[in-house]
Amino acid sequence: MRVLDSPAGRTVGHWAAPGALLSLLLALSGWFYHDSIRLYPSFFHAWAQADWLAIALQFRARGYDFFHPATFNLLTDDGVTAAGFPAPAYLTALLMGLTGSAAPGLMRGVTLAAGLGGVLALFGLVRRASGSALKGGVAALFAFSSPIYGYYQANFLPSAPAIAAVLAGYYWFWRALEEPAAAPAAVRRRLVVAVAWLALAAAMRTPYALPLLCTLGHLVLRPRRTAATVGWRAVAAVYGGAFGLLILDFSYNEHLTRTHHGAMFRARPLPFSSWAEAVQVTKVVREYWLFRLLSKPQWLLLLLAAGAVLGQQGRRLLRSEWAGHWLALAGGGLVYYGLMGPQYGIHDYYLLDTFFLPLVLGFGGSVAAVRLARPRAAWLAAGAAALLSAGAAWQARAEQVRRISVPATDQNVVARDNFLGSARWLDSLGVPRRATLLVLDAHSYNLPLLLAQRRGWTVLQNTPANLRAGLARPADYVITQNATYAAEVVNNYPAIAACLRPVAANGRLTLWRIRPVSLVARWRLRTDFEASLDPARWAGTASVSAGLAASGRRAVRLAGNERSGLTYHQTAAELGLRAGEQLLLAARHQTSPDAGAELVASLTPGAGGAPYWRRVVPCRPSRPGDWEAVGGALTLPAIHAPDDVLRVGIRRSGPGAAVLDDWEMSLLPR
C-alpha cells in the first residue's frame, strides 16, 4: 500500500504529518500531565527530582554560573556538586530569570518539550527509513506511551532530555549514512550534527555514551563505505573531538567532587556483590518493572513487529549492519546493568537509561523494515497498531495516575505539604534567607530546603548516630515536622530533647535553636535488669526473666495472657516534679511481627482513681526479630498534689510476644 510503504506516502505534505503528530502528542500530554505539571517534586523518587530542581534554582540564585552547579544541601562544600552536563537545569534557570517565576512547572515543561522533540525525531527517523508517515507515527506513539518514560517525560530528571538527544542523533546519523547526498561535505555536516547530539546525551547521562560508541563502531565496521562517503580523517576529527570533550567534562566533574568533598550523584560503578544478588534484583525487575518499562500492548506490538521482520527476512536480518548495531546497543545495556545492578531494583529510571532505547529503536526498525504488499494486510496491520497504541496510551495514563495517587500519609507527600509555604513563614519570623537550616526526618536531601528557600543540611535516616552528627552541623536553626517528630526522631534519640530549644510552630512545622549547652538531666534511672529491682519502686517484677536480652541475660518479657508487665512508680514530691519538665523514656525492644507493645506514662492521684495525665509511646517493629530503639520526650502537666504518683510501665497491645531491655528514664528541667 503506497501510503505505508512507498515514498508516495509523503504526499500528505512534508510538514502536515509531523504537525498532526505534534498536535496529537500535545493533546495526550494534556491528558497525561494536567494534574501533575504544576506540582513540586512528589511521589516516585521525589528526592532525586528535588535534587535536579534544586540545581536549577541555585543556577538562578548564584548568577547563572554553569561551571559550579549547586544544590541547597551543604553536604558538599558550599553545596557545589558534580552534575554531569546539567543543560536542562541551566535552561530552566534561564527561563526562570526571563519569566521571574520559580514555579516547578517550568522545569517540567522544559523536560516535556525535550521529550516531545525526541519523539518527533524518532518519527522522522522511521519515516525516512520506511517512506511512511504512518509507520513513523506508530513508532513515535510507541515511545511516548511507555509507562516509565511517560512518568519521567514531564519530570525533573535529565533522562528524557538525554533520550531525546540520542534520538535526534540517530536521526542525523541515519541520514548521513543512508541518504544519498550531493557531496561528501553534506554527509560530514550530518555526521557532525549527529555526533554533537549523541555527545550531549552522553554528557548528561553516562549510559548514553553507548550510542556514541555504537555509531563509531558502525562506521569502523564498514570501512570502504565510510572512506568513500565520510573519510577517515573526518571520522577521527569528529569523534576525537566528541570523546575529548566528554573526557574534559568527566575530568571537570571529578575535579568538583574532589575540591568540594563529595557529590550528590553517583559517579562510580556499583556491581552486584554476588550471583544471588543478581538473581534477586533481576527477579524484582521482572516482576515489578517489566510491564512498566513497556505495557502489555507495547510488548505485544514489539513481538508482532519483530516476528514479522524475522518471518520476512530470516537470516538476511542477521547480516544487516543495523541489526548488528542494535545488538551492540542492547549488549552494552546489559553490561551497564551488571555495572550498576543493585540500583535497578529500586530505581526505575535506570531501566529507562539502558533498555528503553534498544526497545524503542528495535520496534522502530522492525516497523520500518516490514513490507506489506497486500492492501488488506496493510489495513489490518494499521488497525491492530492503532488499537494497541490506544491501549498503550491508556495504560500509560493509568500508571501516571497510580503513581500520583499515593495515600495522604505517604512520607514524601507529607513532607512536601508540610514545607509548602514554609519560606513565607520563616520570613515572617525574621529568619534571614542566608540562615542555614538543619531539617530532621527530611525524606529528601533538597525538597524541604528548596521549599524553605534556605540552604543547610538534612537528616534522612533518624538513627542516633545520624541525629548526633546533624546536631554537630553549624546550623542556625533546626526544623522538624510535627506529625513525625515524636515517632521518627524522639523515638530513636530521646536525648535530642535536651539539645533543642523551641522558637515557633505553625501547626505543621516546629522551628528550634540548638542549645549552646545541652540541658542536664536532674534525675536519671537506668537498668539492664541484671541487678535486683527495688520492690518499693517497681511492680510486676515477675515479668523480668533470664533468656534472650539486648545486653546481659535478663529482660522484661510479655507473652501469652500477660497484658502488662514491669512498672516503675514514685510520688511527685519524691521526684520533685514540676509543670513543663520533660520526662525522657528510652529502651530497646524486640517484638514478633504480630506483636504490639507500648510504654505508658501516667500521673494518678495519691488516693487512687483514674489518671489525670497519660501518654503512650508505641514500640513500632520495623525489623521484627531485631533489637530496636523506642523512646519519647513527654512534657509534664501541672501537678495536682505532692502525693500524686508517676507511673511508667510496659503494656502489650497485640497478640505476639514482646521483650524489653535497657530501660532508661530521666527528667529534664524547663
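The model is predicted: local features need pLDDT of at least 70, side-chain atom pairs count only at pLDDT 80 or more, and totals for chains, interfaces and linings use all residues. Residues are numbered from 1 along each chain as its sequence is written, and side-chain values use heavy atoms, with hydrogens and water left out.

**Confidence**

- Mean pLDDT for the protein is 90, and 97% of the residues score at least 70. Here pLDDT is the predictor's confidence in each residue, from 0 to 100.
- Helices (H or I, at least four residues) and strands (E, at least two) are DSSP runs, numbered from the N terminus.
- The pLDDT is below 50 over residues 1–12. Beyond near neighbours in sequence, this stretch has 29 contacts in the model. A contact means heavy atoms within 4.5 Å.

**Helix 20**

- Helix 20 spans residues 411–419, and seven of its nine residues are buried, so the rest of the structure largely encloses it. Buried means under 20% relative accessible area, exposed over 50%, and partly exposed in between (1.4 Å probe, protein chains only).
- The buried residues are Asn 412, Val 413, Val 414, Ala 415, Arg 416, Asn 418 and Phe 419.
- Their cover includes helix 3 (46–61), helix 21 (422–428) and helix 22. Strand 1, strand 3 (477–481) and strand 5 (509–514) also contribute to the cover.
- Gly 421 follows helix 20 and has a positive phi, near 85 degrees.

**Salt bridges**

- The count is 22 salt bridges. The rule is a side-chain nitrogen of Lys or Arg within 4 Å of a carboxyl oxygen of Asp or Glu.
- Asp 417 and Arg 416 form one of them, at 3.0 Å from N to O. Arg 416 is buried, with 11% relative accessible area, whereas Asp 417 is partly exposed at 26%.
- Glu 287 pairs with Arg 286 at 3.6 Å, N to O. Both Glu 287 and Arg 286 are exposed.
- The side chains of Glu 598 and Arg 651 also meet in a salt bridge, at 2.1 Å from N to O. This pair links distant parts of the chain, 53 residues apart: Glu 598 sits in strand 12 (residues 597–604), Arg 651 in strand 15 (residues 645–652).
- Glu 598 is buried, with a relative accessible area of 11%. Arg 651 is partly exposed at 30%.
- Arg 292, Asp 348, Glu 399, Arg 402 and Arg 403 belong to one network, joined by salt bridges that share partners.

**Positive phi outside glycine**

- His 261 is not a glycine, yet its phi is positive, about 55 degrees. His 261 lies in the loop between helix 12 (232–259) and helix 13 (275–293). His 261 counts as exposed because its relative accessibility is 59%.
- His 443 also has a positive phi, near 65 degrees, in a residue other than glycine. Its place is the loop between strand 1 (437–439) and helix 22 (447–452). His 443 is buried, with a relative accessible area of 16%.
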